[in-house]
Amino acid sequence: MEVNVSHFFIPENTVTDTEGLDYGSVNLLMRTVEALSQTIYQSVYVIDYLKQGFLYVSDNPLFLCGHTREEVIEAGYGFYMKHVPAEELDMLMEINTAGFRVFNEIPKEERLDYSISYDFHLLSERQKRLINHQLTPLVLDKSGRIWLAVCVVSYSSQPKAGQIVMRKRKSNVYWEYSLSDHRWHQCESLQLSEEEKAILLLSAQGLKMERIADRIFKSVDTVKFYKRRLFEKLGVKNITEALSFATNNRLI
């Protein structure tokens with residue numbers, strides 16, 4: 001079946017109670033999202049499930065594929081039709097259905113604590129980028145359906161598309177969706193030591209090995225040991241991949 005925009009808006013994500021949904025009331029929230037987008041390296045946008053499009057798109061070029069933010073807002077989900085490989089559109093549609101099906105089973109008072117992340121490619125004239133996409137509910141309607149959701153886009157640390165994970169805030173348990181058996185599986189998060197977290201955070205600040213050793217009161221050889229152990233634990237090859245993995249999986 002050829003995927004089109006309408007396939008992404010299904011009964012499970014249709015806003016059913018429009019009472020009190022005032023766009024004027026979210027102006028401050030949108031200004032906050034825009035301020036956030038100016039301080040982080042990721043791209044940010046907001047999905048509007050009532051109007052079935054994008055309410056906000058940051059001007060970070062990572063997500064724009066050569067378009068302006070205004071053009072992406074105008075295109076809405078048509079942007080995906082143009083810039084996501086056909087086989088991955090099928091994957092996104094499956095994620096959409098499976099994700100909202102389980103989301104609607106979560107108690108209403110807990111739904112804002114959940115997020116879902118997954119990796120897929122964006123195509124532009126010059127390159128093919130594997131991105132990590134994290135979607136978090138921002139505002140619900142009175143029935144508990146998502147009205148607005150914020151999406152954060154960054155480079156993926158993984159070798160291929162997929163890696164579909166749903167997490168609850170402050171929980172070590174998460175759920176991973178398998179594209180082979182089309183089911184959610186409960187898993188337990190990796191745990192990083194305080195030294196491993198410190199090395200990641202200090203590396204993100206641009207500190208070299210000697211400076212990191214000074215800051216955490218360890219020898220350079222000890223920092224090297226922690227870093228090797230960290231790379232093995234995360235299944236990555238360098239500090240850039242480690243930072244991307246840890247950020248996308250909320251380990252720091």
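Tutor: In this chat, helices (H or I, at least four residues) and strands (E, at least two) are DSSP runs, numbered from the N terminus.

Student: Which element gives the largest share of the lining of the largest pocket?

Tutor: Strand 6 does, with three residues. The model is predicted, so local features need pLDDT of at least 70 and side-chain atom pairs count only at pLDDT 80 or more, while totals for chains, interfaces and linings use all residues. Residues are numbered from 1 along each chain as its sequence is written, and side-chain values use heavy atoms, with hydrogens and water left out.

Student: What is the mean pLDDT of the chain?

Tutor: The mean is 88, and 98% of the residues reach 70 or more; pLDDT is the predictor's confidence in each residue, from 0 to 100.

Student: And where is confidence lowest and highest?

Tutor: Helix 9 (residues 239-248) is lowest, at a mean of 78. Strand 3 (residues 114-123) is highest, at 94.

Student: New topic: in what order do the strands of the sheet run?

Tutor: Eight strands make an open, antiparallel sheet in the order 2-1-5-4-3-6-7-8. Its edges are strand 2 (53-57) and strand 8 (183-188), each of which pairs on one side only. Two strands pair if DSSP finds at least two bridges between them.

Student: How many bridges join strand 7 and strand 8?

Tutor: Six bridges join strand 7 (residues 173-178) to strand 8, in the antiparallel sense. Within this pair, Y174 stands opposite C187 of strand 8.

Student: Which strands does helix 1 touch?

Tutor: Helix 1 (residues 27-37) packs on the sheet and touches strand 1 (43-48), strand 2, strand 4 (128-140) and strand 5 (146-155); contact means heavy atoms within 4.5 Å. Helix 5 (residues 86-103) also packs on the sheet, touching strand 3, strand 4, strand 5, strand 6 (162-168), strand 7 and strand 8.

Student: Back to the largest pocket: how much space lies in it?

Tutor: Its volume is about 280 Å³. Of its 18 lining residues, V165, R167, Y174, F245 and N249 are closest to its centre. On a 1 Å grid over the protein atoms alone, a pocket is an open set of points where a 1.4 Å probe fits, with protein on both sides within 12 Å along at least five of seven lines; lining residues have an atom within 4 Å of a point. A volume is the space filled by probe spheres set on the points, which are joined across faces, edges and corners.

Student: Which elements give two or more residues to that lining?

Tutor: They are strand 3, strand 6, strand 7 and helix 9.

Student: And which residues lie nearest the centre of the second largest pocket?

Tutor: S171, N172, N249, R250 and L251 do, among its 14 lining residues. This pocket has a volume of about 230 Å³.

Terms used: Axes fitted to C-alpha atoms, helices over the stretch in contact; angles between N-to-C directions.
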